[in-house]
Amino acid sequence: MDYFGDPAIWLPWTFAALMGLSILIYVVLDGFDLGVGLLMPLSNDDEKDRLVASIGPFWDANETWLVLAVGLLLVAFPTAHGTILTALYLPVFVMLIGLILRGISFEMRAKAPIAQKPMWNGAFFAGSLMASLSQGFMLGMYIMGLTWTLPNVIFALLTAVFLTVGYSFIGAAWLISKTDGQLQRHAIRWAKGGIWGLILGIGSISLATPFVSTRIFDKWFSWPEALYLAPMPILSAALVVFLWWQLGRMPLTNDRWAWTPFAAAIGLFTLAFAGMAYSFYPYVVPEKITIYEAASAPESLFIILIGTLFVVPAILGYTVLSYYIFRGKATALRYD
């Protein structure tokens, strides 16, 4: 345990990094398939089947990253796990109901009588909406320190709306890369509308975060600490300009560069997440509990790390394999 220095320092940091990576991968991967679900009401019946086909091989496995992140929080930072889930019990409950509803409706829309298919399509949208709104609400409450006051709840509600629109944007960007023809043109139009919600969401979080505490404010605006954060808004602005320019040119001949909006959306989500991680480190519960205070005993963390070194590569491996096997355009959905 002493190979990398003090185990009471490097082990909590390692688990915090693994948990953060799991959350980021979940937000990107499950974010786009939640976004596709949110776009269901905007599509016709034939397009709905193509929407489902575009996420069919991936959506269930994408949620594995949420299980991993919560599992790491539980075993590595049990004190923080209790504090966070106690404060967010209601939105977590809503999110789980939404995810369950998505899973049920995903299966039932293929097996129920044709007359019931619109009902299950609506249930799939409702589950996606519940999961997206609850995740955005949890994000807003976390940023504001998990304190249930009226201003904090209002901010969390705004964050819920903006994250939901952000998910619809990355879902539309995914459809641009996975579909063609009329549906792809619709996805381009949806992405053009959704990008403004993503910008407003990132902007509102960016405006609120430095005022959560004087410590974060100093991290953002003191010299030379501000230099570490400066590349993030610059790169984010560049990606937004690129996205707007690229979406205005699409679709291109031979479907060239159809993957670029999705790649740029991943970049935007990653930069926003990196900015939050930079701002709140070393706290796992904002301004209350650090990762070092909440961490399990180094001996326990070391044993858990050995298992994690096998589990995380396995999850990464089958995630990459599934995306490689089912690469290319989504084909017509068939159940025969």
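In which loop is proline 251 found? Proline 251 sits in the loop between helix 12 and helix 13. Helices here are DSSP runs of H or I with at least four residues, strands are runs of E with at least two, and both are numbered from the N terminus.

Before you go on, note that this is a predicted model: local features need pLDDT of at least 70, side-chain atom pairs count only at pLDDT 80 or more, and totals for chains, interfaces and linings use all residues. Residues are numbered from 1 along each chain as its sequence is written, and side-chain values use heavy atoms, with hydrogens and water left out.

**Exercise 1. Find the backbone features in the loops.**

Step 1. Start with the general rule: most residues other than glycine have a negative phi, and most peptide bonds are trans.

Step 2. Look at the bond from methionine 250 to proline 251: this peptide bond is cis, with omega near 0°. Another cis bond joins tyrosine 281 and proline 282, with omega about 10°. Proline 282 belongs to the loop between helix 13 and strand 1 (283-285).

Step 3. Now check phi. Asparagine 254 has a positive phi near 60° and is found in the loop between helix 12 and helix 13. Leucine 146, not a glycine either, has a positive phi of about 65° and lies in the loop between helix 7 and helix 8.

Step 4. Decide on exposure (buried means under 20% relative accessible area, exposed over 50%, partly exposed in between, with a 1.4 Å probe and protein chains only). Leucine 146 has 7%, so it is buried. Asparagine 254 has 71%, so it is exposed.

**Exercise 2. Describe how helix 2 meets helix 8.**

Step 1. Locate helix 2 at residues 45-55 and helix 8 at residues 150-178.

Step 2. Read the geometry: the two pack at an angle of about 90°, with their axes 11 Å apart. Axes are lines fitted to C-alpha atoms, for helices over the stretch in contact, and angles run from 0 to 180 degrees between N-to-C directions.

Step 3. Classify the angle. Helix 2 and helix 8 are therefore roughly perpendicular (65 to 115 degrees; under 35 is roughly parallel, over 145 roughly antiparallel, the rest oblique).

Step 4. List the residues that touch (contact means heavy atoms within 4.5 Å). Leu51, Ser54 and Ile55 of helix 2 meet Trp174, Leu175 and Lys178 of helix 8.
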